[in-house]
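The sequence and the structure are shown below.

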Amino acid sequence: MAAHPAVQKLPELPHTIVGIDVETTSLDPADGDIIEVAAIRYELSQDGTKTGREVEELVLLASPRQPLTDQITAITGITNDMVKEKPPFSALKSQVQEFIGDDLLFAHNANFDISYLTSHGLTITQPVWDTFTLAGAAWPTAPSYNLGTIAQQIGVAVPAENNDASRTEHSAGYDVRLTWELLQAIRRQLQLPADQYEVVVRLLQESKQSHYIPLFRIKNNRPDTGNEREKGEAGGAAISGKTPVKKNHYSPAQDAASILGTGGLLEQTIPAFTARKPQVDMGKTVAGYLQNGGLGLIEAGTGTGKTFAYIAPAIVRIEQYKRKSGPPGAAAVPIVVSTHTKTLQDQLMRYDVPQLCAALGSTARVSILKGRRNYLCTHRLEQALTRPGRPHPAGRTDAWLLIKLLCWLQQNDSGDLEQLNVSHQDSRLLRHLHADSISCRQICAVQRPECPYQRARRAARQADLLIVNHAMLVQHAEDAALPAAHIIIDEAHHLLAAARDATRRDLSEQRLAEVIGALAQLAPEEGQSGRHIRTEAAELTSGYQQILKDIYSYMQAHTAVGTIRITNTLRRSAPWQKIVQQVDVWESQLAFTLGLLRSTPAPGKRINLLEDAIRQAETAATEVSRFIHGDPERIQWLEVSQYRQNYELKLHDVALSVKDSLARMYQSVNSCILTSATLTVSGNFSYIKKRTGTEEAGEHRFASPFNIRDNMLIYIIEDSKDGVEQSYEQYIAATIGSTATLLQGRTLGLFTSHAMVKAVYEKLVKELNKEGIKLFAQRMTGGRHNMVERFRRRPDSVLLGTYSFWEGIDVPGDSLSAVVIPKLPFMPPHDPVTAAVAESEGLSAFQHLALPDMLLRLRQGIGRLLRTTTDRGAVILCDSRIVKQEYGSEVLNSLPPATVKVGPSSDLAAALTDWFGEHTLARWHGNRRAKKK
Ligand code: SF4
């Protein structure tokens, strides 16, 4: 094949490269010291299919200015004894400089190593390959790009002959060698068809990163096993390698008991399956609704196995429809299952549904449909990649995101953006590349076979069982877009919030800046009209900035909490009326500018960009106007949020009531089942019924099959130090610290604020480190998925997190033996939605809304403790309001039927020792000591 003209002048692989890694005393080069540096030179094979060889190495230890802390020793394996006789790095830097010479460098997360080395006196002007960035393009859906994790995921390791005892894991030398192995895997993976390769080359050239070009190759036609492997994993439907399933003879007349019960079909076909009575009972109930219709609420306690209890009867019903003439009426999809979390969607799609379909011999077509914004818009991607259409050459971050998307589309054509692992910076550009209703309706009204969203919708219409999330469910029910025969709503305690969120419209200061900025960028570069449009756009910018400034001043004068609801009283006030007038003037100015832009001729592809920008500006203007003028059917509030050093004003707007749209949804189907582990408050369904408009629904409760009284202790601390923030943090840190020390880790802390997680982490990390206990904390030590996995694998660890950790964490076994809850999980007291709903319905915001909401959340948090019949542990409630406040009795009534004790902090250790028993605690401590040796 003849090379593209640009390809002929491309840089080639260098002959030698140097891998580099530093170990340091802090994350910040300005105040940290280098305590180890490793540099290893490799000779590269010019043939992409071969690797190269190690030529020489330089590994040096350096003494820091201050003694090493335990935390640094724990991370690096370097002790004070190892470095006390060593020279400081300043005395070693010339040796390092000489060794690396002019060779191209490579490192994992190279910015860190290079900024440390340059801050400590080295001059580095040569190009650098960052394997962290490259791994993102090579494996776009990998959950983590940490060196150890990505290496493990793709199955690379330092060969034994390069890994002698002196090179301990995570030392600088080891990390360089592991990075080298990763680099080889990246070179094998980064292969693209010729046309995509050319786009990558152009993006790298434009963003001044041409030195990366030799790492990419044009794909030949031989099958690529690496890509195929990832395609299978990301596709989500494959079940190979999962629990083996024997096929059995299934008859559509089989009832829930003969499938789920003792000696039933599932016990015969799925080796790990054990029948549970509550699951059978729930299965019968679900089957009844699917046969006879109706609206039902089902609370299924922890361990019931509720997904099997509703999927099994659903598949039976689908098979019955298939044998007859399909679902009744105009229903396009026999059964829709809706969940709140992506985790549960994945579990259903990857494991539960395929497993049950296989066991029941069903050929049901199963599909998943997500919100439009979850899909990559191929039309917008084309625009972003087309040079003449882009206002600017790609920056480095944007270039890598576009390369990542191109590589991803080669591996997986689902276009489901949730599968991508993207950084915060990536998500800025990604916001412009997803499908949205305006573009789909106005730009792309025709069928586009390659459009992921259109493909997903077509598959959804043909599905027998469709999995969606609550927001999608409500939206489609409202639009009557996917008429279903039956709806099963799991995690139904989130339905109300999700339905309301589906009506939400947010507008940020940053979004306004982008919208108005795009108008100026698209004005003709020369001529009178271009100048005119740019002047108008500049005035529009200063106009909205002045409006936001006035709003901000108003907020500062009227609230100290960063959030203010726009009430009718506020709307009538003089300052707000002034803002309304300013907005009216600004809107007319915007309309005038858009008119100018429309009348300006735009060449070729630019016209699409222009139309898109005009539509975005019109939408933003409508939202601002609607917000400022108000709508009695909606709740509107302003929020000032802080990101790093900057403050940003946001306008939020949601529907006041979603009960009517939910009611229409229930009425549009034969049956609708709402299920969750937590639907009742103080033992009854009244709260959920009233909030979700299900007053007429049937009520069903299936208790957990676990022996909760014998296996769960709830210890309520009666003398916790409420209200005194400094000592309160200290107190919570001490409670978690002493619990974790007693149990040798095995503790989950569930918080209500990130600030508390941070404060407690900082107070605990050193103490637990001394005990050999690893501490993971949200936003401090990694991503949620990664931390939960590590917590699950390491019993000697502690995990701290906020609301996303109260649900969906499933850690069976003794890795999770204690749940510590510092505060009852009330929503923030100034929550605008609660206040507005209470006001409109004449309710007490606290008694009728905040309290029951908190009780549901509390029960979810407590539900993390017991995940199997053999699990045993303790929940420690540190909030003494349970015993001091009148509403405490409702808290007590909502707790699971555990062994409950109320006592002072000073008795906690004795109560835990008594509960777990000396023998168990001695075994856990013994395990720890054995591991240390
Ligand atoms: S239909 Fe919508 S998402 Fe699909 S390519 Fe067109 S604009 Fe993009």
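This is a predicted model: local features need pLDDT of at least 70, side-chain atom pairs count only at pLDDT 80 or more; totals for chains, interfaces and linings use all residues.

Leaving aside residues up to four places away in sequence, M555 is in contact with G562, T563, I564, L638, E639, V640 and L649. One of these neighbours, E639, is 84 residues away from M555 along the chain, yet the two C-alpha atoms are separated by 9.0 Å.

## Overall composition

The chain comprises 933 residues, of which 53% count as buried. Its secondary structure consists of 39 helices and 25 strands. Among contacts with a sequence separation of 6 or more, 76% are between residues 24 or more positions apart.

## The sheet from β8 to β18

Seven strands make up an open sheet with parallel pairing, in the order β10-β11-β9-β12-β17-β8-β18. The edge positions are taken by β10 (366–368) and β18 (698–702); each has a single partner strand, so one side of each lacks a neighbour in the sheet. From one strand to the next, the twist averages 20°. Within this sheet, β12 (residues 484–489) and β17 (residues 671–676) are paired in parallel through four bridges. I488 has I673 of β17 as its bridge partner.

Helix α15 (residues 342–360) lies across β9, β10 and β11, with an angle of about 165° to β11.

## The sheet from β19 to β25

A further open sheet contains seven strands in the order β21-β22-β20-β23-β24-β19-β25, and here the pairing is parallel. Its edges are formed by β21 (774–777) and β25 (899–903), each of which has a single partner strand, so one side of each remains without a neighbour in the sheet. The average twist from one strand to the next is 15°. Strands β23 (residues 818–821) and β24 (residues 873–877) run parallel and are joined by four bridges. The bridge partner of A818 in β24 is A874.

Helix α32 (residues 754–770) packs on this sheet through contacts with β21 and β22 (797–801), and its direction makes about 170° with that of β21. Helix α33 (residues 784–793) also packs on the sheet, where it touches β20 (747–750), β21 and β22; the angle between its direction and that of β22 is about 150°.

## Aromatic pairs and charges over rings

The structure contains 15 aromatic pairs. In one of them, Y42 and F106, the ring centres are 5.9 Å apart and the planes are at 50°, so the arrangement is tilted. Because Y42 lies in strand β2 (residues 34–44) and F106 in strand β4 (residues 104–107), this pair ties together parts that are 64 residues apart in sequence. Y42 counts as buried at 1% relative accessibility, and F106 counts as buried at 0%. Together with W180, these two residues form one aromatic cluster.

The rings of Y375 and Y453 are also paired, with centres 5.6 Å apart and planes at 50°, so this pair is tilted. Y375 is located in the loop between β10 and α16 (378–385), and Y453 in helix α20 (residues 452–461), so the pair links parts that are 78 residues apart in sequence. Y375 has a relative accessibility of 4% and counts as buried; Y453 counts as buried at 5%. Arginine side chains also lie over tyrosine faces: R317 over Y321, at 4.4 Å from the ring centre, and R857 over Y803, at 4.9 Å from the ring centre.

## Helix α8

Helix α8 spans residues 172–189 and has 18 residues. The distance from its first C-alpha to its last is 25 Å, close to the 26 Å expected at 1.5 Å a residue. Of its 18 residues, 17 are buried, so α8 is largely enclosed by the rest of the structure.

Notes: Residues are numbered from 1 along each chain as its sequence is written. Side-chain values use heavy atoms; hydrogens and water are left out. Helices (H or I, at least four residues) and strands (E, at least two) are DSSP runs, numbered from the N terminus. The expected span of a helix is 1.5 Å times one less than its number of residues. Buried means under 20% relative accessible area, exposed over 50%, partly exposed in between (1.4 Å probe, protein chains only). Two strands pair if DSSP finds at least two bridges between them. Axes are lines fitted to C-alpha atoms, for helices over the stretch in contact, and angles run from 0 to 180 degrees between N-to-C directions. Contact means heavy atoms within 4.5 Å. Rings of Phe, Tyr and Trp (its six-membered ring) pair if their centres lie within 6.5 Å; planes under 30 degrees apart count as stacked, over 60 as edge-to-face and the rest as tilted. A charge sits over a ring if NZ of Lys or CZ of Arg is within 6 Å of the ring centre and within 35 degrees of the ring normal.
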